[in-house]
Protein chains: 2
Amino acid sequence: MRTVIVGGVAGGMSAATRLRRLDEAAEIVVLERTSYVSFANCGLPYHVGGVIEDRASLLLQTPESLAARFRLDVRVSTEAVSIDPDRHTVAVRNVVTGETSEITYDRLILAPGAAPVRPPIPGIDTAYALRNVEDMDALAAKVATSGSAAVIGGGFIGLEIAENLRHRGLHVTVLEAAPQAMAPLDPELAELVHRRLRDNGIDLRLGVAVAEVSPTGVRLADGGEIHADLVLAAIGVRPDSGLAETAGLTLGRGGAILVDDFGRTSAPDVYAVGDAVAKRDALDGSEVLVPLANTANLQGRRVADHIAGAALPFRRISGTAIVGVFGLQAAVTGWNEKRLVAAGRPHRIIHTHPTNHAGYYPGASGLAIKLLVDPETDAILGAQAVGEEGADKRIDVIATAMAGGITASGLADLELAYAPQFGSAKDPVTMLGFVAQNLREGLMESIQWHELEGALAAGASLIDVRSAGEFADGAIPGAINIPVDELRDRLSELPDGDLIVHCAVGVRGHTASRILHAAGRRSLNLDGGYRTWEAATA
Amino acid sequence: MRTVIVGGVAGGMSAATRLRRLDEAAEIVVLERTSYVSFANCGLPYHVGGVIEDRASLLLQTPESLAARFRLDVRVSTEAVSIDPDRHTVAVRNVVTGETSEITYDRLILAPGAAPVRPPIPGIDTAYALRNVEDMDALAAKVATSGSAAVIGGGFIGLEIAENLRHRGLHVTVLEAAPQAMAPLDPELAELVHRRLRDNGIDLRLGVAVAEVSPTGVRLADGGEIHADLVLAAIGVRPDSGLAETAGLTLGRGGAILVDDFGRTSAPDVYAVGDAVAKRDALDGSEVLVPLANTANLQGRRVADHIAGAALPFRRISGTAIVGVFGLQAAVTGWNEKRLVAAGRPHRIIHTHPTNHAGYYPGASGLAIKLLVDPETDAILGAQAVGEEGADKRIDVIATAMAGGITASGLADLELAYAPQFGSAKDPVTMLGFVAQNLREGLMESIQWHELEGALAAGASLIDVRSAGEFADGAIPGAINIPVDELRDRLSELPDGDLIVHCAVGVRGHTASRILHAAGRRSLNLDGGYRTWEAATA
């Protein structure tokens, strides 16, 4: 029984090693078109930046080590040129010698990964990309003789590369076509990332279209020119499904290989895993493209299980992800507000600004967290967190809660590890549960930053319940300052009509809104307070 | 409607402020016997150690600030002397003036907290304790003139205090009656904490009984004497339920106040919350004593909700907790092996030794993780993690998974935030799920460190599949070294009978056990490998 695997990195290699552990007698052939297998894809930008000094540390395995440990027949520099599903054969070509041959399979696993998106911009082919070890070596060599760089694309990879080029001393311009970087974040959280980039010397240009690329820079659609010794395209990736398409396999959204819950493609005995396949969304079951190593690894493992006779399905995908940007963590899981709005799906929004651990313990730093909740079922729809530290932990906890079916209000009941250097007696996740419960039970009505203008135009008044000192340091135009501690004695000063209260983050605003409620006044608490509003409207 | 609250720290103050937000008209009186309310209990050791320099940062609120913000009638230095449940009155005494009076209540909330355990050791009353701000001030003053300290008790608080006394330059001896410190950990993980303490100059004495305490030191039951300028008792805490007991309220395990799921005691209109009450265990519903601020806060909030007419129950308790010891994190949730054994409850054990994030990214550090699993249902029964970084995150994720009913094998399907500086493409939690699945499906049989001796005595052979270099650096007595990569070619060298294989942490051991299985040999993989065995048998 011979299994042939196309692609020797995350998903392909996980399938190969797992299959060996399940079946000592299997013949396992891995075809990898580059010279390297099982390399640490996610580490590539950090070697370019000099953060990971030892290049060899990224090369986790060699064909020799894999043969010794797992009796794998790993063939590097070997490209799968075509598949004949009827004859169960793969045509291969040695990319060094040009020699071609054919290999038969009993089972075939496609793990070709994703390829950089290359939009039809003149000269785009002259831009560098960073997909594999060869790309990394070429880029690192270029960086050594460059003083400036233009990075096209402000997503996860673009920002990781931008940071690393900056570490190497280059002047770096990031060009992003959308009005914000980091699309998985909603704009008011993305703004925190923008600031971190700019504070670290990145020239971040948002909402700019690239008209032409050349070896000496980029010309923008608005006529602007950016000189750069090095241009790198990190516009995104697409499923590298050409081989599958040519073989007549059914493709899905965005050209991804369509697979069932066990990784089976439309061709008998042909599986596919990883960045090249369409995943299923955890919320609505739709096809999604989420190119991440952890899911690729798990899918590889599950396909090996299936070939060996087991039947655990692929997981559904929430798109949990994280990026580090000059010491700032930005992490997400589930759907964001933009996507919920686009889908017309009802949602409740909660913004908080807690510290990562007890404020009185040295080194506490701020977090901005956003939780999206189904107003009918109280289900958690998604979350985002940005901060120096602890954003990863909170997103992992929320992702786990979502997987376990814990509701937003139910977050209040989580028993999380607390000591002052690691968390708070009221952990940021627990606090989200408290707010969700308050909203669900109608103890608080909140209003979002983007609803404020309309509400004020409709006649509501804005009451800033922070201290006079905070108010003086910066306030929302038109706000009346009545500190919460004085509110009970100054009710008579309040204007008629609906009241919108706000403080710095929303906590005092909640207390104020309860006081106003008791006084018979309708009030809305500005969600996330001044801090969310300030970032959103910057 | 008057609510009287006895105790003005975590649970009591959470109840008071929540009740105000729910009921602007309520009369709320808080009785606090010390001079301080709402102080940061968990920060006290760190002020003694100089880590938290600003004493005022621990004093989160004052009676004045609470009156202004929440219209609370907070009476400090006011002790509740007795309760008359029939008459709905509390007799109070001003501890400064000695003046006594009586206050009536419609609802009473008892939040007296926990008191230090004081076993009947001669002189124990001369030992310092650390329960409140007054204790902290007295201890800090004593530390300033002391060169040495003996800390009786190696639990969470004892170790936090020991670390902080060491920070202040004292020679510190920790005296623990049990054979291990940190009782919530099983011994092979506690050993990692022992080493960290000793590496930082703590004189840790395990299994020693204190016979007598004096202002100049401690005499041990074995006749030994330890001179110390300062003796501190951190033997544990007990529910401070004297007031409740005298009033005839029903007590439960360990003298804790017995409450129902909504915090109601046996007396009408009398609630109790926090460290003084018996909680319900998440696993078996039994009464447990888990004195932690986060649960106290939540219970306070829930009692306020109940008084105001809502009906969310108290959560069941997994005992999730964490302590920092000289930069090492030790975190736990659920039941440990000791408790499962004592209860005769079947369990499967998994030890792993992953890194906190991708090994190729600078700064990766080791974690030791232990997972306890119900072999029938695959339910997670508990977990422990010790390491420099990321133990908190993994325990929080596992605690959340337990709350959400995710099985041990189901951990493999969690989608956790991955980038090389924050985790691994195969996260430590995901890996636990892989191992759990392998055990559940019978792909691997494992054996625990404490079962090894018996198995060898019964005729099994031990095969160390690490490299020759690792073997030379230290090996388990009697082990035969055959590196995993040579195993297939050296099967004929294996002795007859059952084989126990081991590597450093268990991963290569698993591969080896699969090779042996295919060769028709029964083999058991030593769980956690050499690393767990070495710590356990140290």
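**Salt bridges and helix packing**

Author: Asp396(B) is buried, its relative accessible area being 1%; buried stands for under 20%, exposed for over 50% and partly exposed for the range in between (1.4 Å probe, protein chains only). This is a predicted model, in which local features need pLDDT of at least 70 and side-chain atom pairs pLDDT 80 or more, while totals for chains, interfaces and linings use all residues. Residues are numbered from 1 along each chain, chains are lettered from A, and side-chain values use heavy atoms, without hydrogens and water.

Reader: With which residue does Asp396(B) meet in a salt bridge?

Author: A salt bridge places a side-chain nitrogen of Lys or Arg within 4 Å of a carboxyl oxygen of Asp or Glu. Asp396(B) meets Lys393(A) at 3.9 Å, N to O. The pair crosses between chains, from helix H10 (residues 391–403) of chain B to helix H10 of chain A; helices are DSSP runs (H or I, at least four residues) numbered from the N terminus. Lys393(A) is buried as well, at 3% relative accessibility.

Reader: How is the packing of two helices described?

Author: Two packed helices are described by the angle between their axes and the distance between the axes. Helices H10 (residues 391–403) and H11 (residues 428–440) of chain A pack at about 50 degrees, with axes 9 Å apart. H10(A) is therefore oblique to H11(A), as angles under 35 degrees count as roughly parallel, over 145 as roughly antiparallel, 65 to 115 as roughly perpendicular and the rest as oblique.

Methods: Axes fitted to C-alpha atoms, helices over the stretch in contact; angles between N-to-C directions. Helix = DSSP H or I, 4+ residues; strand = E, 2+ residues; numbered from the N terminus.
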